[in-house]
Amino acid sequence: MSDLESKKNKIKNTGLTIVKKIFSIQEVSIIIPVLALLILATIINPMFVHPLNLAAIARRMSMWGLVAIGEALIILTGNFDVSVGAMVAFICVFFSAAGAIWQLPLIVAILLSILLAITMSTISGFCIVKLKINPILTTIAMAFICRGLSKALTNAHFVVFAPAKGSEGFLKFGQAEPLSLSWNFFIFIAFIIIFQIILKKTDYGRKLYATGDNSNVARLAGINTDIIKISTFIISGTLIGIASVLLVAKEAVGSSNYGTGWEILAIAAVAIAGISLVGGAGSMIGLLIGVIMMQCIYNILILLQINQHMQSILLGVIMILSVIIDLKRRNRILGSKLE
């Protein structure tokens, strides 16, 4: 073989190695279907790529995206929380009532609402981690409690936030659209960056991954896995509280109907993101891509004028497919490890 051919083969092999390394990055494998979806959506309806529509997608995903961050952290430790949507409804109604009906100062209403969200989420975490109650059963019960409380608090009526002290500036902030987006979007992106750094660069992040990967081994390594697991519920509750306050700021009312289906969107986004549904693997960058994909799908259904009932059916199908994708991904990873 000549030197020229040898150099060509070396360059070719180097190129293949680089390509393989790029595609071995989990986030890259998630981006490809997202790009395919964007192209398909544009072909189906060119309005999809209109700047105003893309801005609307960004604004909408930022609300339930905050909740998805907390859900992702819980799932990373091997647990689930299907009460997040109902909890949003309860906190929104509580916050609106605290400001408009009980006339509490705005900052007090905000802090109490976030604290209440943390308390409710921590109760779920304690029952799951310390009392060893099944996470699905625990959080379904919490969902019923929160949805019931949200309706009982105001007899299932809307609570207009406007009469609250300091509501004018608060609502102006919530409804502002800097760069045609919203402050909620920038807050969501900030939290994605913060938790990406926490997961990848801190001792807490390493402990969280270890707990989700194998709780028993992590415990033997000296990690307090119970504290790690409960801490994710505390963080989730904090994000639910923040998302609820921001939702009221945007909509100017509290409603017991808020948050419906958010747990499905969050879990589906987590599964699409490559975050293992049994814990131990995933990233916040992947979650961001998953949230974008889920919101794009939802937007496409609206552009195609598919009615809400059919939307629910399709989102349910997407949820099932997401779980199947996660199972296949996990089996493939496990198989490669065994080899």
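Let me start with Phe-126, which touches Leu-131 and Ile-230 once residues up to four places away in sequence are set aside. This is a predicted model. Phe-126 sits in helix α5, residues 106–129. Ile-230 is 104 residues away along the chain, yet the two C-alpha atoms are separated by 6.5 Å. Phe-126 itself is partly exposed, at 43% relative accessible area.

Now the overall picture. The protein has 339 residues, and 50% of them count as buried. Its secondary structure comes to 14 helices and two strands. If we take contacts between residues at least 6 apart in sequence, 78% of them join residues at least 24 apart.

In soluble globular proteins, nonpolar side chains tend to be buried together. Here the largest nonpolar core has 91 residues, and those touching the most other members are Trp-64, Leu-66, Ile-69, Met-284, Leu-287 and Met-294. Helix α3, residues 51–76, gives this core its largest share, 14 residues. Take Leu-66: beyond four places in sequence, its contacts are Phe-188, Phe-191, Leu-239, Ile-242, Ala-243 and Leu-246.

Is Asn-184 buried or exposed? Asn-184 is buried, with a relative accessible area of 2%. Asn-184 belongs to helix α8, residues 183–201. Leaving aside neighbours within four places, Asn-184 contacts Ser-62, Met-63, Gly-174, Leu-246 and Lys-250.

That leaves the charged pairs. Side chains of opposite charge can pair when their charged atoms come close. The structure holds four salt bridges, and I will go through some of them.

One joins Glu-177 and Arg-59, at 3.8 Å from N to O. Glu-177 is in the loop between α7 and α8 while Arg-59 is in helix α3, so this pair ties together parts 118 residues apart in sequence. Glu-177 is partly exposed at 48%, whereas Arg-59 counts as buried at 19% relative accessibility; the cut-off for buried is under 20%.

Another pairs Asp-203 with Lys-207, with the closest N and O atoms 3.2 Å apart. Both are in helix α9, four residues apart, so about one helical turn separates them. Asp-203 is partly exposed at 43%, and Lys-207 is partly exposed at 31%.

Lys-250, already mentioned as a contact of Asn-184, forms a salt bridge with Glu-251 at 3.0 Å between the closest N and O atoms. Lys-250 is partly exposed at 31%, and Glu-251 is partly exposed at 36%.

Technical notes
Residues numbered from 1 in each chain as written. Predicted model: local features only at pLDDT ≥ 70, side-chain atom pairs only at ≥ 80, totals over all residues. Heavy atoms only, no water. Buried < 20%, exposed > 50% of the residue type's maximum accessible area, 1.4 Å probe, protein only. Contact = heavy atoms within 4.5 Å. Core = buried A, V, L, I, M, F, W, Y, C linked by side-chain atoms within 4.5 Å. Salt bridge = Lys/Arg side-chain N within 4 Å of Asp/Glu carboxyl O.
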